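Let me put the structure up, and then we'll walk through it together.

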Amino acid sequence: MTKVRGADVYWNPITETLPRDKLMELQLRKFQKIVGWAYEHSKFHRQLYQDAGLEPGDIKTWDDIRRVPKVEKSMMRQIQRKEPFPYGDMLCVPLERVTEFHQTSGTTGQPVYQADTWQDWEWWSEAWSYIMYAQGFRDTDRVFLPFGYNIFVAYWAGHYAGEKMGCEVVPGGVLDTEARILKMQELRTTALMATPTYVLGMADTARSMGIDPAKDLQVSKILCAGEPGASIPATKQRMEEAWGAKVHDHVGATEIGAWAYECTAQPGGLHVNEALFLIELEDIGTGEPITEPGRRGKLIITALDRMGQPCIRFDSKDVTAWAEEPCPCGRTFRLIKGGVVGRADDITKVKGVLLAPSAIEEVVRTFPELGDEFEVEVTKKGDIDAIALKVELRPEAEGQRESVEARLVEQLRLKTNLRYNLEFHDYGTLPRYVLKSKRFKDLRPQH
Amino acid sequence: MGDRDIDKRLLQEMDDRIQSIKKAALELQELCGGIQAVYRNADRILASVKMLEINVSDVLDVL
């Protein structure tokens with residue numbers, strides 16, 4: 001068999017290296033189709049578009065895309081639990097075509113239910129195959145998945161994509177952390193998928209068992225999701241050193257799909273999968289489109305081929321910026337700089353200053369004297385905001401508290417323009433998380 | 001022998017095969033008289049065919 005150029009590098013060299021003008025033409029055509037499909041098959045979408053005075057045929061150019069009303073998570077909450085139960089009339093297929101149920105974690109409110117047909121589920125694993133192949137997963141890998149296999153979509157599609165790619169998938173479901181580490185050692189697993197928090201937590205537990213993940217385990221690649229950590233250089237470095245493995249990020253969401261991924265070139269950003277998704281970046285305040293690199297905005301995302309419960313111009317609230325340079329990997333898919341840096345509704349004003357929680361993580365994780373866990377609490381005393389930062393000093397750094405405190409306060413001030421009340425806690429006493437962490441707590445009265 | 005470049009002819013050849021598989025799977029569903037063991041497995045083939053269309057056939061439309 002004569003190989004196609006790029007077949008060893010890209011999951012699909014046809015789409016991943018398509019010239020940008022062709023890529024945009026492809027996206028526009030697919031966008032027209034999915035809007036037409038939703039208009040025809042979902043009462044929710046038809047009403048939404050009719051209220052906006054829009055018919056699918058009105059979308060003729062890229063500029064017309066912005067005429068299509070956005071969908072917010074709150075709109076999905078309103079229609080759910082109604083007929084067709086429990087998804088409501090956003091559904092575009094008869095209920096008997098639905099084969100997968102998942103729901104959002106409910107971090108920002110009442111969980112949202114997500115229906116997928118078997119074709120949509122194939123599409124999920126297709127999106128993950130783009131990710132995993134770009135990150136070096138191959139059919140020679142034995143992949144360990146230490147997650148709870150439950151109603152949350154998490155790594156389910158990673159499991160199915162691993163199978164599709166020919167990997168050997170080891171489901172580490174109900175085992176506790178120690179048992180998972182022993183199983184990984186026993187099976188000599190070569191790859192791992194987990195949240196950054198759990199990747200660091202597993203390394204910590206392994207060390208307490210006398211196992212050094214970098215030396216005693218054989219994991220060479222780790223795929224992260226769920227939190228921005230793998231795109232935060234200091235956190236990525238911690239994970240890579242702890243495991244002696246390459247760590248790559250990806251972003252996805254239950255209502256959207258897995259839409260962006262880091263490649264092995266580790267360019268300081270993530271490729272948007274523009275074969276499967278149409279991504280718009282817009283100004284958080286004005287809603288104006290952002291096409292130039294470097295300016296932060298929030299993402300509006302369309303899944304171009306998800307048919308059962310479509311995701312069309314979904315207001316993801318994820319905040320990022322376009323990157324400037326093309327990636328050395330040769331993909332023509334655009335890059336978002338530094339991954340998703342936070343959510344528009346997480347970025348909050350403290351003492352009149354805009355604060356993204358990821359900026360605090362960026363500082364804390366550069367201190368080797370500190371443990372992997374930390375917590376931030378914002379409170380209000382009278383009219384004044386206060387921020388407490390809880391950290392753990394590693395036992396071997398016990399004599400360096402004053403020096404660490406002085407440097408940490410200074411670095412935080414430089415990075416975030418804010419002063420923090422530092423609290424040092426005993427090593428191992430702050431909460432540990434398996435999936436998404438809840439390190440940022442805004443305890444101010446909400447108005 | 002060097003690697004082959006991706007060109008429209010290659011995509012067209014692949015798309016021809018994809019459409020043949022799709023046609024055969026749909027015919028199988030028509031023929032099977034409701035036998036679930038046939039209908040459901042053909043359905044899975046069609047879901048995979050859709051992924052092939054996303055990766056190949058849809059791109060052919062813009063080349």
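So, 45% of the 447 residues in chain A are buried, where buried means that 20 or more other C-beta atoms, placed from the backbone, lie within 10 Å of the residue's own. Keep in mind that this is a predicted model, where local features need pLDDT of at least 70 and side-chain atom pairs count only at pLDDT 80 or more, while totals for chains, interfaces and linings use all residues. Residues are numbered from 1 along each chain as its sequence is written, and chains are lettered from A and ligands numbered from 1 in the order in which they are written.

On to overall shape. For 447 residues, a compact globule would have a radius of gyration near 22 Å, and chain A agrees, with 22 Å; that's over C-alpha atoms, and the rule is 2.2 Å times the number of residues to the power 0.38.

Chain A has 13 helices and 20 strands, counted as DSSP runs: H or I of at least four residues for helices, E of at least two for strands, numbered from the N terminus.

Now zoom in on E3, residues 142-145 of chain A. It pairs in parallel with E4(A), residues 168-171, over four bridges; pairing takes at least two bridges in DSSP. Leu145(A) has Pro171(A) as its bridge partner in E4(A).

Key: Buried ≥ 20, exposed ≤ 12 C-beta atoms within 10 Å, placed from the backbone.
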